[in-house]
Amino acid sequence: MSTQWSSQMMARQSEGGVAVLEMPRIAAAECVVFDEFLAPAEVNELIEYALAHEADFRMSQVVAPGNNGGSVDFEYRRSRVLMELGRFQDLIVDRIQNCLPLILEKLGQEPFSISRIEAQLTASGDGDFFRWHTDDGHAEVASRQITFVYFLHREPKAFRGGDLRIYESELHNGSYRPTSNSRTIVPQQNQAVFFASSLAHEITPVECPSGAFADSRFTVNGWFHR
């Protein structure tokens, strides 16, 4: 399943006649969604990998201006991340790259040269969240172009919340801020979501009554850099 949106960038003519890109004042809250993104066996193996590496997850960090290493801010974001995905890094990235031309077309974006790709495995347990933010809002991450979020969890699903809320975003001093309009993606097993990294978005609080790591909301999330 996919949805189409207007281009994030609009072309205009500069005084010298050279086409440049101008960020629109309002960016629509649009995304592309793929269901059944991995084979069932791959989903199960990835869940097993996450559970086997519980001890290797670290508290998530927030990138702040001038802080290349990031910092932990429990008022802004709370979750745990695993930076090493083993063979699943190539599995997911290769699958996305095969779909990338279609994704860019649906998002109204021109193809671009990929300078690097980030991917991490995130576990969100009871009370975890991520307040609204953009993924390209600081110099350290300004080259992020496309954000992806892949959902997975143990069955039966043992948590509520953890929705991905993507905002219609308004340009303010060179970056986007959320408006009152948004679309909500409720985590679904084996579903992948793609959207422009410049869009404001958030993760709503997770409710996981058991508090068990195995019952967490898991995602593989990452970014394609231009």
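This briefing walks through a strand and its partners, the aromatic contacts and the salt bridges of the structure above. The model is a predicted one. A search of the whole structure turns up nine aromatic pairs, and the structure also holds nine salt bridges.

**Strand E16 and its neighbours**

- Let's start with strand E16, residues 191–196, where six of six residues are buried.
- Strand E4 (residues 32–34) pairs with E16 in the antiparallel sense, over three bridges.
- Within that pairing, valine 32 has phenylalanine 194 of E16 as its bridge partner.
- Strand E12 (residues 144–152) also runs antiparallel to E16, and six bridges join the two.
- Here phenylalanine 148 stands opposite phenylalanine 194.

**Aromatic contacts**

- One aromatic cluster is made up of Phe34, Phe37, Tyr150 and Phe194.
- Among the nine aromatic pairs is that of phenylalanine 37 and tyrosine 150, which is tilted because the ring centres lie 6.1 Å apart with the planes at 50°.
- Phenylalanine 37 sits in the loop between E4 and helix H1 (40–52) and tyrosine 150 in strand E12, so this pair ties together parts that are 113 residues apart in sequence.
- Phenylalanine 37 counts as buried at 8% relative accessibility, and tyrosine 150 is buried with a relative accessible area of 2%.
- The rings of phenylalanine 213 and phenylalanine 218 have centres 5.4 Å apart and planes at 75°, so that pair is edge-to-face; both residues are buried.

**Charges over rings**

- The charged end of arginine 144 sits over the ring of tryptophan 223, at 3.7 Å from its centre.
- Arginine 87 lies over the face of phenylalanine 88, 4.5 Å from the ring centre.

**Salt bridges**

- Arginine 87 also forms a salt bridge with glutamate 45, where the closest N and O atoms are 2.3 Å apart.
- That pair links distant parts of the chain, with glutamate 45 in helix H1 and arginine 87 in helix H2 (residues 87–107), 42 residues apart.
- Glutamate 45 is partly exposed, with a relative accessible area of 32%.
- Arginine 25 and glutamate 170 meet through their side chains in another salt bridge, at 2.8 Å from N to O.
- Arginine 25 is in the loop between strand E2 (19–22) and strand E3 (26–27) and glutamate 170 in strand E14 (residues 164–172), so the pair ties together parts 145 residues apart in sequence.
- Arginine 25 is exposed, with a relative accessible area of 55%, while glutamate 170 counts as partly exposed at 33%.
- Glutamate 207 and arginine 160 form a salt bridge with their closest N and O atoms 2.9 Å apart.

Methods:
Residues are numbered from 1 along each chain as its sequence is written. This is a predicted model: local features need pLDDT of at least 70, side-chain atom pairs count only at pLDDT 80 or more; totals for chains, interfaces and linings use all residues. Side-chain values use heavy atoms; hydrogens and water are left out. Buried means under 20% relative accessible area, exposed over 50%, partly exposed in between (1.4 Å probe, protein chains only). Helices (H or I, at least four residues) and strands (E, at least two) are DSSP runs, numbered from the N terminus. Two strands pair if DSSP finds at least two bridges between them. Rings of Phe, Tyr and Trp (its six-membered ring) pair if their centres lie within 6.5 Å; planes under 30 degrees apart count as stacked, over 60 as edge-to-face and the rest as tilted. A charge sits over a ring if NZ of Lys or CZ of Arg is within 6 Å of the ring centre and within 35 degrees of the ring normal. A salt bridge is a side-chain nitrogen of Lys or Arg within 4 Å of a carboxyl oxygen of Asp or Glu.
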